[in-house]
Amino acid sequence: MSDTPATKSGFSLRGPRVSKFLEVYGIVLVVIVMMLALAAIKPEVFLSAQNLTNILKQNASLALLALGMYVVIVTAGIDLSVGSIMGLAMVALAIASKAGVPWPLVLLIGPAIGLMVGWINGVGLTVLKLPHPFIMTLGTLNVARGLTYLISNGAPVSGLQPEVRYIGQAYYSFGMAPPAGIPASLILVAVCAIGLWFFLERTNMGRHIFAIGGNPHAARVSGINVDRTLVVVYMISGFMAGLSGLLLAGRTDSGFPNAGIGIELDAIAAVIIGGASFFGGRGTVLGVLAGVLIMGILRNGLNINNVSAFWQQILIGLVIIIAVYIDVLRRRAAVRR
Amino acid sequence: MAGALLEARGISKYFGAITALRDVNFHVGPGEVVGVVGDNGAGKSTLMKILSGLFVPSEGELVFDGRPVSFRSPKDAQRLGIEMVHQDFALAGNMPIYENIYLGREPGWRLGPLTVVDHRRARRMAAEHLNRLKIHVKSIDQNTEDLSGGQRQAVAIARSTAFDAKLVIMDEPTAALAIKEVGKVLDLVRSLKEHGVAVIIISHRMDDIFYCCDRVMALYQGTNFAESPLGTTSRNEVIGWIMGTKGHTQGLAHDNMH
């Protein structure tokens, strides 16, 4: 069998410490390399404060979705309903905001809807014992989207209360000249990412989620309540989707019934590009964020270089395949070690 | 049975129309190593799953340390110090050794419904525990999928004894191992006995039974068939029990050659 030079130098010869480092932070290096490349090609456009802030703002809702999807994928599951949850949350809170519901309540609508649909997903999976989360969440994908059209009559709703728009639109300049600054949505993503990292890595339930992804039978005989844990997992995913609906509603000052169609696939792609295993039990929060950034920077870089949107989709598809192939190579190198 | 650590009286177990166990009695003393033999479908695994809380018996009662007990889940049995080592090891391969040892019982401090895991303490406890059992691994941070079969079995046994176990039930502990690793695992069973832990071993291998058991009992078609202290039986007699025959192999000359 022929060894590729990459696996040899990266994982065998330089010893376990380097390979461990690359395993955890290699994906961040990819992001940095992409940024350097774009900075070299179009420095004045790509590196402008406006553009960088835009990348962060535009990808904040995808980041929230991907973080939730990551928790599901760690259990070897999948949640197809997140795009519909996002749309339903967005439209429901826009309607409520327009109807004059007090804004603190409006802020709760998105996450509450997400928790509810997530709970239904989890219960359907564990109590009804539907054979695979694909089926259950495909069902709720359609139900939630149908509800979205039903309550909105298929028409966009615009004009939200300023407090509701805040999280999606505000940014903090920290003395920099506008439009430079840290978007509030980025801070929300950071808080969620750190909270999720702590939950997954430092709490017993987080570790149980990894154990379920690695070997559900082992988890069960270790006394872990697998069903209850899975319900929590899908509720987390739904919660994040509801939150991302709130973010998008704030950013666009409206509720679009079509918002988030197909975005569940982008979320899955970001998680996989970020190095999580589709078969469960493997991945990092940092990798997921890097996966989102890789997709975001790729799109942005192609945009500012006037590459057509059609090509963008082709390239993203190729990146997904390459990312998983790198993972396959890495796994093979690890076995040989 | 006076002085028994765990006793099962008149246990029956039905799965629909199928009778897996019929009026089975069983006991194990403190620090005793009991071998359980029987053909496929004799009811060994069902009996062990009842003793470890995975199954609830249809009839009969369990007595632990002289008190009647009933287990609704393995957690209930674990609370009394009864642990099971599964045939497939039941380890999460994507997780390090030390996390597997404390899976479901992570050391740490309470935070509402969660426990914040103290990874440093778990590592230290795992290292000390493995040392005590004389189990050597490259690093407790190794994922268990990178271990050999024998090492995985050792980790599974370490997990079963990590919390003051009084009885460890092992389902075919050597069936999945390379020959050269079998001895190490059996020595581990002996060292559990030295630590005062009672062990029940299900095995098809007479070598396992005769290497580390004090007593052997046979199930046949879901019922008690025979039992004896190890010193007063022979391999051929026990093999006869597995096949449902008693007595008539006793006189054979090669019986006592082991």
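Two strands are taken as paired if DSSP finds at least two bridges between them, and helices (H or I, at least four residues) and strands (E, at least two) are DSSP runs numbered from the N terminus. With these terms, Ile169(B) stands opposite Ile200(B) in strand E10(B), and that pair opens the account below.

This is a predicted model, in which local features need pLDDT of at least 70 and side-chain atom pairs count only at pLDDT 80 or more, while totals for chains, interfaces and linings use all residues. Residues are numbered from 1 along each chain as its sequence is written, chains are lettered from A and ligands numbered from 1 in the order in which they are written, and side-chain values use heavy atoms, with hydrogens and water left out.

## The six-stranded sheet of chain B

Strand E10(B) belongs to an open sheet of 6 strands, ordered E6-E9-E10-E3-E11-E12 in chain B, with mixed pairing. Its edge strands, each pairing on one side only, are E6 (82-85) and E12 (223-229) of chain B, and the twist from one strand to the next averages 20 degrees, where angles run from 0 to 180 degrees between the N-to-C directions of lines fitted to C-alpha atoms, for helices over the stretch in contact. Helix H1(B) packs on this sheet, touching E3 (33-37), E6, E9, E10 and E11 (215-220) of chain B, and its direction makes about 150 degrees with that of E10(B). Helix H8 (residues 235-242) of chain B lies across E3, E11 and E12 of chain B and runs at about 25 degrees to E11(B).

Strand E9 (residues 167-171) and strand E10 (residues 198-202) of chain B run parallel and are joined by 5 bridges, while E3(B) and E10(B) pair in the parallel sense over 4 bridges.

| Residue | Opposite residue in E10(B) |
|---|---|
| Ile169(B) | Ile200(B) |
| Gly35(B) | Ile201(B) |

How many residues of E10(B) are buried? Taking buried as under 20% relative accessible area, exposed as over 50% and partly exposed as in between (1.4 Å probe, protein chains only), 5 of the 5 residues of E10(B) are buried, so this strand is largely enclosed by the rest of the structure. In a regular strand the side chains alternate between the two faces of the sheet. In E10(B) both faces are covered, with Ala198(B), Ile200(B) and Ile202(B) buried on one side and Val199(B) and Ile201(B) buried on the other.

Lys166(B) is placed in the loop between helix H5 (149-160) and E9 of chain B, and it is partly exposed because its relative accessible area is 33%. Leaving aside neighbours within four places in sequence, Lys166(B) is in contact (heavy atoms within 4.5 Å) with Leu5(B), Phe64(B), Leu80(B), Gly81(B), Val197(B) and Ala198(B). From Lys166(B) to Leu192(B), 26 residues apart in sequence, the C-alpha to C-alpha distance is 9.7 Å.

## The four-stranded sheet of chain B

In chain B, 4 strands also form an open sheet in the order E2-E1-E4-E5, with antiparallel pairing. The edge strands here are E2 (18-28) and E5 (67-69) of chain B, each pairing on one side only, and neighbouring strands of this sheet are turned by 30 degrees against each other on average, direction ignored. Antiparallel strands E1 (residues 6-15) and E4 (residues 59-64) of chain B are joined by 5 bridges, and Ser12(B) has Glu59(B) as its bridge partner in E4(B). Helix H1 (residues 44-51) of chain B packs on this sheet too, touching E1, E2 and E4 of chain B, with its direction at about 60 degrees to that of E2(B).

Asn25(B) lies in strand E2 of chain B and, at 40% relative accessibility, counts as partly exposed. Beyond its neighbours within four places in sequence, Asn25(B) is in contact with Ala8(B), Arg9(B), Gly10(B), Met217(B) and Asn224(B).

Helix H6 (residues 103-126) and helix H7 (residues 133-152) of chain A pack at an angle of about 145 degrees, with their axes 9 Å apart. Residues making this contact include Val117(A) and Ile120(A) of H6(A), and Pro133(A) and Met136(A) of H7(A).
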